[in-house]
Amino acid sequence: MGLPSVMVLPLLIVIAAGVYYIYNEVIHFMSKSLVRNKVVVITDAVSGVGTECAHLFHKGGARLILCGMSWDKLESLYDSLTSDADPRETFAPKLVILDFSDMDSMEEVVAEVMECYGCVDVLICNSSMKLKAPARSVSLELDRNIMDINYFGPCTLAKGVLPAMISRRSGHIILVNSIQGRVSIPFRSSYAASKHAVQAFFDCLRAEVEEYGLVVSTISHTFINSSEPAPLTEPSPKPNALAAFIKSQLTHGVSPSVLANEIMQTVNRKTKEVVLAHPIPRVALYLRSLFPPFLFAVLAAGVKDSMLAQDMQ
């Protein structure tokens, strides 16, 4: 006796969900096995995303080189990684002080990184400095500092590890960039400029090193939201559905854990370009390419509204 027709759709949904779950688990397992014994450098390991990456790659058996500006924070991360780890399955991370705002120290940093294992298999450039301010109020000194951290630093480190990668004909460089490297938002001129610059550098580098078997990936994401969901309070009136959807897209960024998993998958699949964004930022990307005057008008109107709101306060 066949199944009633009303049961077919729910059964198909359950089967599809089961297949999708198994597929994700297999991919997750493979991504960990592929990084085993790989030398992985994380430039800002003490940040939210860096810490999540450190835990993922450490559990996968990678040989980590953790970089950061604070030795105390690096040691704290080291302790959290090694406290419950099985030394037969994992490697104790190596720690390197790295401050992209001090470009004079970069030659020593590159040498120290290369001395750890003699090579680098995966370089994850996830350091970043953010700034929100009108362009006219940002000093040239601050502009230069942002360019050092967001552009010159990652580029210099990538150039430093390239010779060894090219000689081995193996290596993967990942730039964790912002979606503002593709579309700019008012009051973030210095930040967006640095992100545009570093995006262009790694796009060029990708083509230049492909003949040597190297992979260069860029991950463009919206802002990183590390805050916990707000606790539930008394029920409020239901807002307009469309307005609620738009607000959710604008106010919810990417969590560190989601971004870290995406970085792991990028290493696994050797994806060259990833855009990790909600629908509205994606639409802005298309508008920038297809209908730039419309996007410019929308952004300018938003600036006027924000200034009006400030004047009324």
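Visitor: Is tyrosine 286 buried or exposed?

Guide: Relative accessible area decides this: buried means under 20%, exposed over 50%, and partly exposed in between, with a 1.4 Å probe and protein chains only. Tyrosine 286 has a relative accessible area of 56%, so the residue is exposed. Do keep in mind that this is a predicted model, where local features need pLDDT of at least 70, side-chain atom pairs count only at pLDDT 80 or more, and totals for chains, interfaces and linings use all residues. Residues are numbered from 1 along each chain as its sequence is written, and side-chain values use heavy atoms, leaving out hydrogens and water.

Visitor: Where is tyrosine 286 placed?

Guide: Helices are DSSP runs of H or I with at least four residues, strands are runs of E with at least two, and both are numbered from the N terminus. Tyrosine 286 lies in helix α9.

Visitor: What about histidine 172: buried or exposed?

Guide: Histidine 172 is buried, because its relative accessibility is 3%. This histidine belongs to strand β5, residues 172-178.

Visitor: Which residues does histidine 172 touch?

Guide: Contact means heavy atoms within 4.5 Å. Leaving aside residues up to four places away in sequence, histidine 172 touches Asp121, Met165, Ser217 and Lys270, among others.

Visitor: How many disulfides does a search of the whole structure find?

Guide: A disulfide is a covalent bond between the sulfur atoms of two cysteines; here the test is a pair of cysteine sulfur atoms within 2.5 Å. The search finds zero. As for individual cysteines, cysteine 119 is buried at 10% relative accessible area, while cysteine 204 is partly exposed at 47%.
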